[in-house]
Amino acid sequence: MPSDLHRYFFAASYSRVVGSSPKLSDFPRSLLPDHRNVEEGLSGKMFSDRFRVQLPNRVATTITSHISKDGHYFIHYDPLQCRSLTVREAARLQTFPDNYKFEGPRTAQYHQVGNAVPPYLARQIAEVIADILKQMPGDD
């Protein structure tokens, strides 16, 4: 939607200048979405960060399967791109190798990435469990 593109441009530009993602209260009134709960967001009570920029050189927010329905929380940091993260970018944040294939339509792929245990985390957990198992007395 053109209105979302303007919000993405503003959010990415704001984050580049200020160094943080904007809250709803930082947006010009003309860019605020026409949602029932915007006033609560402006006051900081609810969804004040509904347009979140994933900043370079900072820890990313947790990738969830909700990215498939609403990319507003996963805005690319480059103002000239005016977009949310791609499936591949989200997968990279989740530590999937670039050669890992996701199947189905884009929405299904976002679900696969967002619902997955990040491979690097899974490996770390497996290594801890393997160490514990090695220390257990066994039936040699």
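Does Arg16 count as buried or exposed, and at what relative accessibility? In this predicted model, Arg16 counts as exposed, at 56% relative accessibility.

## Salt bridges

| Pair | N to O distance | Relative accessibility |
|---|---|---|
| Asp4 and Arg7 | 2.8 Å | Asp4 14%, Arg7 8% |
| Arg16 and Asp78 | 4.0 Å | Arg16 56%, Asp78 18% |
| Glu89 and Arg83 | 2.8 Å | Glu89 18%, Arg83 21% |

The side chain of Arg16 meets that of Asp78 in a salt bridge, with 4.0 Å from N to O. Arg16 belongs to helix α1, while Asp78 sits in the loop between β2 (75-76) and α3, so this pair ties together parts that are 62 residues apart in sequence. Arg16 is exposed, whereas Asp78 is buried, with a relative accessible area of 18%.

Asp4 and Arg7 form a salt bridge of 2.8 Å, N to O. They are three residues apart in helix α1 (residues 2-18), and about one helical turn separates them. Asp4 counts as buried at 14% relative accessibility, and Arg7 counts as buried at 8%.

In the pair of Glu89 and Arg83, the closest N and O atoms are 2.8 Å apart. Glu89 is buried, its relative accessible area being 18%, but Arg83 counts as partly exposed at 21%.

## Asp4, His72 and their surroundings

Apart from neighbours within four places in sequence, Asp4 is in contact with Phe51 and His72. His72 lies in the loop between β1 (53-54) and β2 and counts as buried, at 16% relative accessibility. With residues up to four places away in sequence left out, His72 touches Asp4, Tyr8, Arg50, Phe51 and Arg52. The C-alpha atoms of His72 and Arg83 are separated by 8.7 Å, and these two residues are eleven residues apart along the chain.

In soluble globular proteins, nonpolar side chains tend to be buried together. The largest nonpolar core of this model has twelve residues: Tyr8, Phe10, Ala11, Leu24, Phe27, Leu31, Leu32, Val38, Phe51, Val53, Leu55 and Ile75. Helix α1 supplies the largest share of this core, three residues.

Phe27 is one of the residues of this core. When its neighbours within four places in sequence are set aside, Phe27 is in contact with Arg7, Phe10, Ala11, Pro22, Leu32 and Phe51. Arg7, one of these contacts, is also the salt-bridge partner of Asp4. Phe51, a further member of the core, is in contact with Asp4 as well.

Apart from this core lies another, of eleven residues, among them Ile63, Val87, Ala91 and Phe102.

## Helix α4 and its packing

Which residues of helix α4 (residues 106-115) are buried? They are Gln109, Tyr110, Val113 and Gly114. Seen down the axis of α4, these buried residues fall within an arc of 130°, so they line one face of the helix. The buried residues of α4 pack against α3 (87-93).

## Positive phi values in two loops

Two residues other than glycine are described here for their positive phi values. Cys82 has phi near 45° and is placed in the loop between β2 and α3. With a relative accessible area of 21%, Cys82 is partly exposed. For Thr95, phi is near 75°, and this residue is found in the loop between α3 and α4. Thr95 is partly exposed, with a relative accessible area of 35%.

Conventions:
Residues are numbered from 1 along each chain as its sequence is written. This is a predicted model: local features need pLDDT of at least 70, side-chain atom pairs count only at pLDDT 80 or more; totals for chains, interfaces and linings use all residues. Side-chain values use heavy atoms; hydrogens and water are left out. Buried means under 20% relative accessible area, exposed over 50%, partly exposed in between (1.4 Å probe, protein chains only). Helices (H or I, at least four residues) and strands (E, at least two) are DSSP runs, numbered from the N terminus. The arc is that of the directions from the helix axis to the C-beta atoms. Contact means heavy atoms within 4.5 Å. A nonpolar core is a set of buried Ala, Val, Leu, Ile, Met, Phe, Trp, Tyr and Cys residues joined through side-chain atoms within 4.5 Å.
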